[in-house]
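Here is a short note for a first look.

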Amino acid sequence: MNNALATLLQLAQYTDDGVVFPRCEISDEPDNTWRGVMLDLARCFHETEYLYSVADLCWFYKISRFQLHLTDDQAVRFPFYAVPDAVSDEHYTREELKGLIEYCRDRGISIVPEVDTPGHFSAFNQAYPDLFGTVPSSCNNNQTSALTAVPSGIMRVQEETFDLMNKLFSEIAEVFTDSPWIHIGGDEASIHQWEHCAVSMEYCKEHKISDVHELYGHCISRFSRMILDMGRIPMVWEGFSEKTNHMIPKETLVFAWESLYQTAPSLLKGGFEIINASWQPLYIVSPKKMWSPHEILDWEKNKWQNWWKKSKAYETAIIVGETERIAGGQLCVWGDCMQPTNGYAPRHDMLRDEFSHLRLRLPALAEKVWTSYRSHDKESFMSDLYRLNDMFEKICTR
């Protein structure tokens, strides 16, 4: 119903006589279940009205998944009861989140909440160094918090930490009742800091874990099983090494994004279902790095590229054969460069620009994941896009 109404409104034309709909019969369905967008709420707080506007954009362009990146080094935006001191001053209330969930549900959009772990963890480290901070190898497990290391951006590995993470995921599940998925983060962790943490190394010894790469896979495995025990599907960024693929439940959905830690072919060989979130061209890092709608129209869900020289997809795109185990694609909107300090524009100006970037690029992603492997006349697409954005402005602008 929601997709049909969105299609009908996309076909409408404004004339001197009013809104005109074509006489037609439409039979259509998407090729991919995962047609997603992610917002980085941790690095740059987005007011709830902004989130509703993105939900409207998702509905109008038939985007089915809306991921909320709720925690990172910079901030914790979810109101956790178990770790109240970690929660940022600017955060969402449970009532605000439940209102957004209901709004999206009515429009056929599923929200995907994300708590980033075991890396991107500085906000938790700083609030609870006795629990989450790494402990220098010169210390023993019984020494006091005065010997806890400077917060490191990665969680200390011990049973108490896993117990608390289970509580945090449970709180997420209690609020996001409609979401079949919980995203556990799982990328860009400074895992070699564990080598200098007495507590984490003792955990490795007790569990016969050989190195920090195996410890990383062990953490992802334990978090995934927590989510599965809650009756949800775990999701994770590509960040664990290929040698730990066997450790991680195959129900875990993996976002293949950087082609650095491992590539789409190795994830597929490892038995995972994956989602294409290729850095190039599916990232918007406003205001500094993004790709044009034309470049997104040249992308396919079985193709990965990256602008970064260290990536395995830098010199030559990685392309896999057509397979049903690629669930679709996702546009990721990051806030790394959106801190309103050091001469940057005020936050509301930056968010206005971010939304403008999103309005130009999300429709191109929507085209590519609704019907896969179809070429597009780019000039016709852009002409139609400006018409559609005008229609969106008239019916959806809050």
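**Notes on a predicted model**

1. Start with two helices. Helix H6 spans residues 159–175 and helix H8 spans residues 212–229. They pack at an angle of about 40°, and their axes lie 10 Å apart. This is a predicted model, so read every value below as computed from it.

2. How are H6 and H8 set to each other? They are oblique. Angles under 35 degrees would count as roughly parallel, and 65 to 115 as roughly perpendicular. The crossing of H6 past H8 is right-handed.

3. Now look at the side chains of this contact. H6 brings Glu159, Phe162, Met165, Asn166 and Phe169. H8 answers with His218, Cys219, Arg222, Phe223, Met226 and Ile227. By class, the contact of H6 with H8 holds 7 nonpolar, 2 polar and 2 charged residues.

4. The largest pocket has a volume of about 500 Å³. Its lining counts 20 residues. Closest to the centre are Gln10, Lys62, Glu367, Asp384 and Leu388.

5. Which helices supply at least two residues each to the lining of the largest pocket? They are helix H1 (2–11), helix H12 (347–370) and helix H13 (378–396). H13 gives the largest share, with 6 residues.

6. How many cavities of 30 Å³ or more does a search of the whole structure find? The search finds 1. The largest cavity has a volume of about 40 Å³.

7. Thr48, Leu51, Tyr52, Tyr92, Glu96, Leu97 and Leu100 line the largest cavity. Helix H2 (48–60) and helix H3 (94–106) are the elements that each give two or more residues to this lining. By class, the lining of the largest cavity has 5 nonpolar residues, 1 polar and 1 charged.

Methods: Residues numbered from 1 in each chain as written. Predicted model: local features only at pLDDT ≥ 70, side-chain atom pairs only at ≥ 80, totals over all residues. Heavy atoms only, no water. Axes fitted to C-alpha atoms, helices over the stretch in contact; angles between N-to-C directions. Helix = DSSP H or I, 4+ residues; strand = E, 2+ residues; numbered from the N terminus. Parallel < 35°, antiparallel > 145°, perpendicular 65-115°, else oblique. Left-handed = near helix turned anticlockwise from the far one by under 90°. Contact = heavy atoms within 4.5 Å. Nonpolar A, V, L, I, M, F, W, Y, C, P; charged D, E, K, R; others polar. 1 Å grid on protein atoms, 1.4 Å probe; cavity = no way out; pocket = protein on both sides within 12 Å on 5 of 7 lines; lining within 4 Å. Points joined across faces, edges and corners; volume = space filled by probe spheres on them.
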